[in-house]
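Let's take a friendly walk through a protein structure together.

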Amino acid sequence: MTLLLGALTIGLILSLLAMGVMISFRIFAIPDITTDGSITLGAAIAAVLLAGGTNPLLATAAGALGGAIAGAVTGILHTKFQINALLSGILVMTALYSVNLHVMGRSNVPLMQARTLASHGEEIGESLLGAKTLNVFGWSVATSDAALLLMALGAAVFAGAVLYLFFRTSIGTAMRATGDNPQMVRALGANVEGYIVLGLALSNGLVALSGALLAQYQGFADAQMGIGMVVWGLASVIIGEALTGSRSLGLTIIGAIMGSILFRLLVAIALRWGLNPNDLKLITALFVFAALVLPGLIAKIKKPSIA
Amino acid sequence: MLDLQSIRKTFNPGTVNEVRALQGVDLTIDEGAFVVVLGMNGSGKSTLLNAVAGSFYLDSGAIRLSGNDVTRWPEHRRAKLIGRVFQNPFSGTAPNMSIAENFALAAGRGQPRGLGWALSKSLMAPLRDRIASLKMGLEGRLDNAIGSLSGGQRQALTLLMATWKKPRLLLLDEHTAALDPKSAEQVLALTREVIGRDTLTTLMVTHSMQQAVNLGDRIIMMHRGTVLHDIRGAEKKRLRAEDLIDRFDAVRRREQLDESAAEMLRASYL
């Protein structure tokens, strides 16, 4: 049960990452590898501030802001300097590796003694219920774990709702159209380059927020924690689309959250069954490859071309 | 209203792909005029339109539009004054977004966009009425993705979007050329209606002689990046399609003569 709760909680925390990747990949069609660096940046900033005794909410917000700046830099490299989007992301990700080490001062910052959102949440949960464990459908569950799960759920739902509302405003609608048809958006008087920078900042802000929360949940920030996370996000988005079967705005966001949770659960089950953790990234990459290629192949098999 | 002062543009200068698209075009268009730009392929007529819209910056010359020197304005800034319809019906609309959302974008043309709802009530009611007036049965499908519509429907909607907020200048770039004859006729009728209702200052590129004769009050004939003929007033009213074809033939003959003459000189003297 602890395992299940843990997987659900991490899945929910990483759903913020999935929503960030959804913005860059589905709206702008940019596979933005800045993600790998900005999730670590968010974790690093939050961890260092928390270790120094900063208010956890402030530290988390600072982490998200750091990611937003990183995303904006990628956007500026891409639009103002006309560097290929993928390369812009690679440049910023590479630079962020050094930046992250500088922020943390070493390759790993533990948060065991620090007051974090997670430790606050555990305490609030225990004081509200007054018990260390509670009974859920016959399962005995640590109150602290349940409290963290609820907090992660709250964060995911809140972020998803804000994102949905944002994309229905005038700015948000123009941003979506930028990915859909930049020529038209320009002809209607919107600054396409500005929207790309803003969108990548929003995307990486969400990713870094996810990193900041993840660091507090797992109790440390690590320079290596971002490796392969963009692929993880892609996997979540793709699973989400398969689950909801829709490209509509609301369902895509819900799908990203559900995809992230489901993917994390699948990984937890696979690890439990004895999957070598070293193979995890390989499996993830293979999964995304299959998810990208299979729909086209299936369509071909179903409807053979007229020869 | 619109004033072009000896504008020049060369693409890929100094390479084998060098194209001297505009070679000193002077043109003044009055408020409320409907100008048709005619020309053969490569004559620079679309380039002229794109120069006005701001798709690229000029090599030299100046563009003034309703009292502003817009020569160095980026495309999105000029869009405050300009409404555009492209040749490709897919260019003017965002396919994965709904009809209503596309119009919400058009309704904010040239204004700073804020955090208000894109689909406000003040937009939806007039939008439904206007789209119903098209009689295409689209008023009940405002939430459908615009990509699910036909090219003719999309082009009609693009025209409405371009003129939703009255533009100071309307640019039409062969906007019926990619449509089937029936849709083209519909879009053309709508074009007439929209331009007539608001007496919009319009610059329309076409290669259809018939359209040029039937529409507008002035014809600009472009050739090799310059204005060859400027036909207006009574002469424009009398003009028939055959006259235009004659003028094009004259151009073609002169060019052949030029080339054969050059060939003859080369053969005799080199």
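This is a predicted model: local features need pLDDT of at least 70, side-chain atom pairs count only at pLDDT 80 or more; totals for chains, interfaces and linings use all residues.

Which residues does B:Val37 touch, not counting residues up to four places away in sequence?

With residues up to four places away in sequence left out, B:Val37 touches B:Lys45, B:Leu48, B:Leu203, B:Met204, B:Val205, B:Ile220 and B:Met222.

B:Val37 also belongs to the largest nonpolar core, which has 160 residues. Together with A:Ala43 and A:Ala47, B:Val37 touches the most other members of that core. Helix H9 of chain A (residues 192–218) gives the core its largest share, 16 residues.

Now find helix H6 of chain B, which covers residues 181–198. This helix has 18 residues, and the distance from its first C-alpha to its last is 26 Å, close to the 26 Å expected at 1.5 Å a residue.

Which residues of H6(B) are buried? They are B:Gln186, B:Val187, B:Thr191 and B:Ile195. These four cover an arc of only 160° around the axis, so they sit on the same side of H6(B). The buried residues of H6(B) pack against strand E3 (34–39), helix H5 (151–162), strand E7 (169–173) and strand E8 (202–205) of chain B.

Turn to the face of H6(B) that points away from the buried side, and you will find the exposed residues B:Pro181, B:Lys182, B:Ala189, B:Glu193, B:Gly196 and B:Arg197. Just after H6(B), B:Thr199 has a positive phi of about 35°.

## A sheet in chain B

Chain B has an open sheet of four strands, in the order E2-E1-E4-E5, with antiparallel pairing. Its edge strands are E2 (19–29) and E5 (68–69) of chain B, and each of them pairs on one side only.

Look at the E5 end of the order: two bridges join E5(B) to strand E4 (residues 60–65) of chain B, and these strands run antiparallel. Here B:Arg64 stands opposite B:Asp69 in E5(B).

## Where the chains meet

How many residues of chain A are in contact with chain B? There are 19, and they are in contact with 25 residues of chain B. On the chain A side, helix H7 (170–180) and helix H8 (182–187) are the elements that give two or more residues. H7(A) provides the largest share, seven residues. By type, the chain A side divides into seven nonpolar, seven polar and five charged residues.

Key. Residues are numbered from 1 along each chain as its sequence is written. Chains are lettered from A and ligands numbered from 1 in the order in which they are written. Two residues are in contact if their C-beta atoms, placed from the backbone, lie within 7 Å. Ala, Val, Leu, Ile, Met, Phe, Trp, Tyr, Cys and Pro count as nonpolar, Asp, Glu, Lys and Arg as charged, and the others, Gly among them, as polar. The expected span of a helix is 1.5 Å times one less than its number of residues. A residue is buried if 20 or more other C-beta atoms lie within 10 Å of its own, exposed if 12 or fewer, and partly exposed in between; C-beta atoms are placed from the backbone. The arc is that of the directions from the helix axis to the C-beta atoms. A nonpolar core is a set of buried Ala, Val, Leu, Ile, Met, Phe, Trp, Tyr and Cys residues joined through C-beta atoms within 7 Å. Two strands pair if DSSP finds at least two bridges between them.
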